[in-house]
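Here are my notes for you on this one. Have a look at the structure first, then read the points in order.

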Amino acid sequence: MYRKGAQDAKRAKVFTKLIRELTVSSKEGGPDPAANPRLRAAISAAKSNNLPKDTMEKAINRGSNSGESSQFEPVRYEGYASGGVAFIVEALTDNRNRTAGEVRAAFTKFGGSLAESNSVAFQFDRVGSIRVKKTNENSDEMLDLAIEVGAEEVIDAEMYHEFISKPENFYTVRNSLESKLSNEISAELIWKPKNLVKIDHEIFEKVIKTIDLLEDSDDVQTVSSNFEVSDEVLQKLSN
C-alpha cells in the first residue's frame, strides 16, 4: 500500500508539471499545436506520460483563455551539488521567493550550493534532442538521415538514436524526422554538458538525493547535470 501511495504521489507531481507547461505554452503561443511548436512538444510529453486527454484539453484552454491570467513565469537556477557536480534547474513559478528557497534548500541539504546566474551555464550547450526509438535502422542510415534533416550529430544509444540539433533548428529537425520515420519519437530542448565529472559512490548518493529533492518541487520542470559514474559504482549500487 505504501509503495502504491508513493507511486501515485510521484505520478501526481509529473502531471502537475505537465499541466503547467501545457498552460504556459498555450498562453504564450496559442492553442493550435500546428502553429505552436512549444505546445506541440508539451502535448507529446503529456501523451508519453499518459496524462488524460480531458485534463490536457482543460490545461490548454486555461492558457489560451484571454479572460484568465496565468502568473507562471520561467526561471533558471544554477548550482553545484556535492563533488562539484554542476546543475541547471529550470522552473515555472508564480512565486520566485518560494521556488528559490526550495531550490537552495535542495542544494545545501546534501553539501551543495546555489550559484550566481551564468556561473554554471558555460559548462553546457543548449541543444535540441530528438530521440528516435530503434527498430531496424543501422547507424549509417541514421547518419545519412541526420545530414539530410540538418542535425548536428546522431548518437547511437542502446534503445534509441539521438539526433542533436541547434536550438534554432530544433523544430525543423524534429518535424522532418517525424515526416520520414514511423518510429516513436520524443523531443526536447536540453542542456548538454560539455564535459562530464566522474564521481564515486558516496558523492553519487548525495547527487541523486539532490536531484530527487529538486524534482520533488512542483515548480521545477527540468534538472540537468554533468556527472557520470563508472560501471564499478553502478554494480556496487545494484548489489
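1. How many salt bridges does the count come to? The count comes to 16 salt bridges, where a salt bridge is a side-chain nitrogen of Lys or Arg within 4 Å of a carboxyl oxygen of Asp or Glu.

2. Some ground rules before we go on. This is a predicted model, in which local features need pLDDT of at least 70 and side-chain atom pairs count only at pLDDT 80 or more, while totals for chains, interfaces and linings use all residues. Residues are numbered from 1 along each chain as its sequence is written, and side-chain values use heavy atoms, with hydrogens and water left out.

3. Start with Asp216 and Lys13, whose side chains form a salt bridge at 4.0 Å, N to O. Asp216 sits in the loop between α7 (201-215) and β9 (220-225) and Lys13 in helix α1 (residues 2-29), so this pair ties together parts that are 203 residues apart in sequence. Those labels come from DSSP runs, numbered from the N terminus: helices are H or I with at least four residues, strands are E with at least two. Asp216 counts as partly exposed at 40% relative accessibility, and Lys13 is partly exposed at 25%. For these words, buried means under 20% relative accessible area, exposed means over 50%, and partly exposed is in between (1.4 Å probe, protein chains only).

4. Next, look at Arg98 and Asp219, which meet in a salt bridge at 2.9 Å, N to O. Arg98 is in helix α4 (residues 96-109) and Asp219 is in the loop between α7 and β9, so to speak distant parts of the chain, 121 residues apart. Buried or exposed: which is Asp219? Asp219 is buried, at 2% relative accessibility, whereas Arg98 is partly exposed at 33%. The two also belong to a network of salt bridges that links Arg20, Asp94, Arg98 and Asp219.

5. Then there's the salt bridge between Asp156 and Lys134, at 2.5 Å, N to O. Asp156 belongs to strand β5 (residues 153-156) and Lys134 to the loop between β4 and α5 (139-149), and the pair links parts 22 residues apart. Asp156 is partly exposed at 44%, and so is Lys134 at 28%.

6. Last, a look at Ser117. You'll find Ser117 in the loop between β3 (113-115) and β4 (124-133). Ser117 counts as exposed because its relative accessibility is 58%. The C-alpha atoms of Ser117 and Tyr77 are 6.8 Å apart, although the two residues are 40 apart along the chain.
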